[in-house]
Amino acid sequence: MKDRLPPSAVETEQAVIGCCLNTPVESIPEAQTVLTDNSFYDHRNKLLWETVTGMSPDTVNIISIRQNLSDRDLLDKIGGLPFLLACQ
């Protein structure tokens, strides 16, 4: 049983992040009531979630997230701008 992977739903994780990107002021605080960093299995989604929740919701947008990730040398680790845009 130790060889089993934990359950994951990468597309669902991206959908949650997409909601937070589209309506950050409303969605981020609501999502934070039930989700933590450990709720995300895919490392790219986990990095995005950590970034989004580390920012003030009223400043969250593709440009600010891209800059934040780029400043921390993490943009390439998530797959760059194409991955970020795919979550939107």
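Q: Hi! Where is Asp73 in this model?
A: Asp73 sits in the loop between helix H4 (62-71) and helix H5 (80-86). Keep in mind that this is a predicted model.

Q: Okay, and is Asp73 buried or exposed?
A: Asp73 is exposed, with a relative accessible area of 65%.

Q: What about phi of Asp73?
A: Phi there is near 55°, which is a positive value in a residue other than glycine.

Q: Switching to helices: at what angle do the axes of H1 and H2 cross?
A: The axes of helix H1 (residues 10-22) and helix H2 (residues 24-32) cross at roughly 140° and come within 6 Å. Angles over 145 degrees would count as roughly antiparallel, so H1 and H2 are oblique to each other.

Q: Which residues make the contact?
A: From H1, they are Cys19, Cys20, Leu21 and Asn22. H2 brings Pro24, Ser27, Ile28 and Ala31.

Q: And by class, how many are nonpolar, polar or charged?
A: The contact of H1 with H2 has six nonpolar residues, two polar ones and no charged ones.

Q: I see cysteines there. How many disulfides does the whole structure have?
A: A search finds zero disulfides. For Cys20, the nearest cysteine sulfur is that of Cys19, 6.8 Å away, while a disulfide needs the sulfur atoms within 2.5 Å.

Q: Is Cys20 buried or exposed?
A: Cys20 is buried, at a relative accessible area of 1%.

Notes. Residues are numbered from 1 along each chain as its sequence is written. This is a predicted model: local features need pLDDT of at least 70, side-chain atom pairs count only at pLDDT 80 or more; totals for chains, interfaces and linings use all residues. Side-chain values use heavy atoms; hydrogens and water are left out. Axes are lines fitted to C-alpha atoms, for helices over the stretch in contact, and angles run from 0 to 180 degrees between N-to-C directions. Helices (H or I, at least four residues) and strands (E, at least two) are DSSP runs, numbered from the N terminus. Angles under 35 degrees count as roughly parallel, over 145 as roughly antiparallel, 65 to 115 as roughly perpendicular and the rest as oblique. Contact means heavy atoms within 4.5 Å. Ala, Val, Leu, Ile, Met, Phe, Trp, Tyr, Cys and Pro count as nonpolar, Asp, Glu, Lys and Arg as charged, and the others, Gly among them, as polar. Buried means under 20% relative accessible area, exposed over 50%, partly exposed in between (1.4 Å probe, protein chains only).
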